[in-house]
Amino acid sequence: MYIRPIVIRLIIASVAGLWKIFEKAGEKGWKAIVPVYGFYVWLKILKKPWWWLLIYLIPGVGFMMTMVTAGISTLHIQKRKSADTFAVFVALVIEAVILF
């Protein structure tokens with residue numbers, strides 16, 4: 001009952017972060033909120049093959065791929081600060097809460 005508002009806030013924070021990553025990469029931010037297309041654009045920004053998108057559809061493995069993609073994103077930005085590490089951790093927690 002009390003966890004739902006927290007999860008909603010974490011999802012909004014996750015989408016906002018992905019929106020900013022898209023804008024910094026030269027893509028339009030609204031692409032972050034389109035479910036499958038957002039992952040495709042995210043992979044395109046990171047210069048990864050399109051078939052990685054199919055891996056997201058495998059239950060359980062998709063969660064692991066989100067962690068891998070978030071880690072690659074922080075390395076791609078090349079600003080290894082504690083804030084980046086914290087952002088990846090928050091994204092992983094959000095995915096874990098949604099998954100379970």
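**Notebook: helix α4 and the rest of the chain**

I began with helix α4, residues 61-77. I counted 17 residues in α4. From its first C-alpha to its last, α4 reaches 24 Å, close to the 24 Å expected at 1.5 Å a residue. I noted that this model is predicted.

Next I asked which residues of α4 are buried. They are Gly-62, Phe-63, Met-65, Thr-66, Thr-69, Ala-70 and Ser-73. Why do they sit on the same side of α4? Around the axis they cover an arc of only 155 degrees, so they share one side of the helix. For this entry I took buried to mean under 20% relative accessible area.

Then I looked up the whole protein. I found five helices and zero strands. Along the sequence the pattern reads α-α-α-α-α.

I checked burial for the protein too. Of its 100 residues, 25% are buried. The protein exposes about 7100 Å². Carbon and sulfur atoms supply 71% of that area.

Last, I turned to the aromatic rings. How many aromatic pairs are there? The count comes to three; a pair needs ring centres within 6.5 Å. I also looked for a cluster. Phe-39, Trp-42 and Tyr-56 form one aromatic cluster.

Note on methods. Residues are numbered from 1 along each chain as its sequence is written. This is a predicted model: local features need pLDDT of at least 70, side-chain atom pairs count only at pLDDT 80 or more; totals for chains, interfaces and linings use all residues. Side-chain values use heavy atoms; hydrogens and water are left out. Helices (H or I, at least four residues) and strands (E, at least two) are DSSP runs, numbered from the N terminus. The expected span of a helix is 1.5 Å times one less than its number of residues. Buried means under 20% relative accessible area, exposed over 50%, partly exposed in between (1.4 Å probe, protein chains only). The arc is that of the directions from the helix axis to the C-beta atoms. Rings of Phe, Tyr and Trp (its six-membered ring) pair if their centres lie within 6.5 Å; planes under 30 degrees apart count as stacked, over 60 as edge-to-face and the rest as tilted. Accessible areas come from the Shrake-Rupley method with a 1.4 Å probe; for residues, only the protein chains shown count as cover.
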